[in-house]
Amino acid sequence: MLIKKTVFSAIQPTGNITIGNYIGALQQWNQIQKKYFCIYCIADLHSLTIYQKPNILNKNILDTLAIFLACDIDPNKNIIFIQSHVPQHTQLSWILNCFTYFGELKRMIQFKEKILFLKKNNNINIGLFNYPILMAADILLYQTNKVPVGKDQIQHIEIARKIAIRFNSIYGKNIFTIPEKIINPNKGSCIMSLLNPFKKMSKSDSNSNNIINLFDNNDMITKKINNAVTDSDIPPRIIYDKINKPGISNLLSILSNITNNSIKNLEREFKGKIYNDLKKSVIKNLCIFLHTFQKKYYKYRENKKLLNNIIVNGSNQAQKLAKITLNNINNLIGLYNK
Ligand code: TYM
């Protein structure tokens with residue numbers, strides 16, 4: 001029997017999950033679940049690196065689980081669990097801390113960006129700095145082969161690989177599987193802000209006009225896409241060119257991914273048309289897509305019993321696997337077994 005390769009990925013339960021998160025991550029998670037053995041995680045511990053109101057975090061965790069289900073991620077075929085329910089993540093994270101260098105973490109782009117952003121509220125905590133190590137522990141605990149993520153996470157996958165290779169070279173070649181990234185092949189690895197297509201669309205953006213939230217209604221979608229930045233090419237050309245036409249390329253990317261129509265096809269369809277035609281099509285298709293998504297979401301979100309069952313089963317299944325790796329590591333590094 002062919003053994004399926006293992007996939008691991010996670011998302012922070014920090015509200016405002018965007019069409020960028022969907023296209024860069026959740027859509028891929030769905031598409032690969034037939035081919036791989038997939039483990040999908042709600043990274044609640046990662047979200048603590050920014051102060052979270054307790055009642056809102058609590059609610060967001062269940063919301064995120066219902067979002068997974070509404071994206072047709074099947075809890076019977078995959079393991080879905082909450083990071084803090086599997087203590088092996090933080091245990092391995094501590095061990096990996098001791099195999100990671102300060103200089104390596106200092107070079108993380110996301111850390112540098114976040115400290116600029118957080119300077120105002122003075123919460124540049126050590127969790128924010130250590131964040132990629134917890135992420136490495138998440139991935140390495142499950143002997144993961146593939147990690148589907150958006151482009152912003154590539155550097156974090158690289159450091160997870162580096163730590164794993166370093167550990168293997170000290171204790172023996174095959175202790176950790178070396179993970180590889182999977183990136184959306186259809187130009188969706190980084191969906192950009194609507195008003196500034198040079199900047200990533202981000203959940204934490206304080207200007208909601210920059211993002212399409214998965215819970216936006218038709219009016220919001222219409223207003224935001226109509227305001228999205230394009231360019232002043234004369235005559236207008238609807239082609240994918242990320243450098244010279246970032247706004248149009250972003251809209252093409254969104255449309256292509258939510259309709260499963262290739263960018264090449266869309267360029268042909270929109271040849272000779274004006275930007276407003278493209279926007280109309282993006283609006284129409286986003287409204288259809290999000291309406292269907294939201295209907296499914298509310299059905300799952302109301303079913304507390306189903307959500308609780310998934311959480312309990314998921315953490316049991318994940319713990320079984322996590323314990324195997326962690327026991328092995330503890331033995332190897334010389335910790336005393338009872
Ligand atoms: P998070 O919660 O910021 O984002 C979740 C996923 O969404 C992708 N993403 C995007 N993709 C395309 N365009 C965008 N504009 C966009 N914005 C976000 C992210 O790349 C990510 O795949 N550290 C992670 C969560 C995490 C994790 C892990 C991921 C914790 N442990 C282990 C993989 C493996 C994060 O904060 O993702």
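Predicted model: local features only at pLDDT ≥ 70, side-chain atom pairs only at ≥ 80, totals over all residues.

Entry 1, helix 3 and helix 12. I looked up their orientation first, and helix 3 and helix 12 are oblique to each other, because angles under 35 degrees count as roughly parallel, over 145 as roughly antiparallel, 65 to 115 as roughly perpendicular and the rest as oblique. The angle between helix 3 (residues 54-70) and helix 12 (residues 275-302) is about 125°, and their axes are 8 Å apart. Axes here are lines fitted to C-alpha atoms, for helices over the stretch in contact, and angles run from 0 to 180 degrees between N-to-C directions. Helices (H or I, at least four residues) and strands (E, at least two) are DSSP runs, numbered from the N terminus.

The crossing of helix 3 with helix 12 is right-handed. A crossing is right-handed if the near helix is turned clockwise from the far one by less than a right angle, and left-handed if anticlockwise. I noted the contact residues (heavy atoms within 4.5 Å): Lys59, Leu62, Asp63, Ala66, Ile67, Leu69 and Ala70 on helix 3, with Phe293, Lys296, Tyr297, Tyr300 and Arg301 on helix 12. Sorted by class, this contact of helix 3 with helix 12 holds 8 nonpolar, no polar and 4 charged residues. Ala, Val, Leu, Ile, Met, Phe, Trp, Tyr, Cys and Pro count as nonpolar, Asp, Glu, Lys and Arg as charged, and the others, Gly among them, as polar.

Residues are numbered from 1 along each chain as its sequence is written, and side-chain values use heavy atoms, with hydrogens and water left out.

Helix 7 (residues 126-140) packs on helix 8 (residues 154-171) at about 70°, with axes 9 Å apart. Helix 7 is therefore roughly perpendicular to helix 8. Their crossing is right-handed. Among the contact residues I listed Tyr131, Met135 and Ile139 of helix 7, and Ile159, Ala160 and Ile163 of helix 8. The contact of helix 7 with helix 8 has 11 nonpolar residues, 1 polar and no charged.

How many residues surround the ligand? I found 27, and the closest are Gln12, Tyr131, Asp138, Asp152 and Lys203; a residue is counted if one of its heavy atoms lies within 4 Å. Tyrosine 131 places a polar side-chain atom 2.5 Å from an oxygen atom of the ligand. For glutamine 153, a polar side-chain atom is 3.3 Å from a nitrogen atom of the ligand. Methionine 201 has a polar backbone atom 2.9 Å from a nitrogen atom of the ligand.

Most residues other than glycine have a negative phi, and most peptide bonds are trans. Isoleucine 234 and proline 235 are joined by a cis peptide bond, with omega about -5°. Proline 235 sits in the loop between helix 9 (218-227) and helix 10 (246-259). Lysine 187 is not glycine, yet its phi is positive, near 50°. Lysine 187 belongs to the loop between strand 5 (180-182) and helix 9.

Key
Polar contact = N/O pair within 3.5 Å; in protein donor to acceptor, adjacent residues only side chain to side chain.
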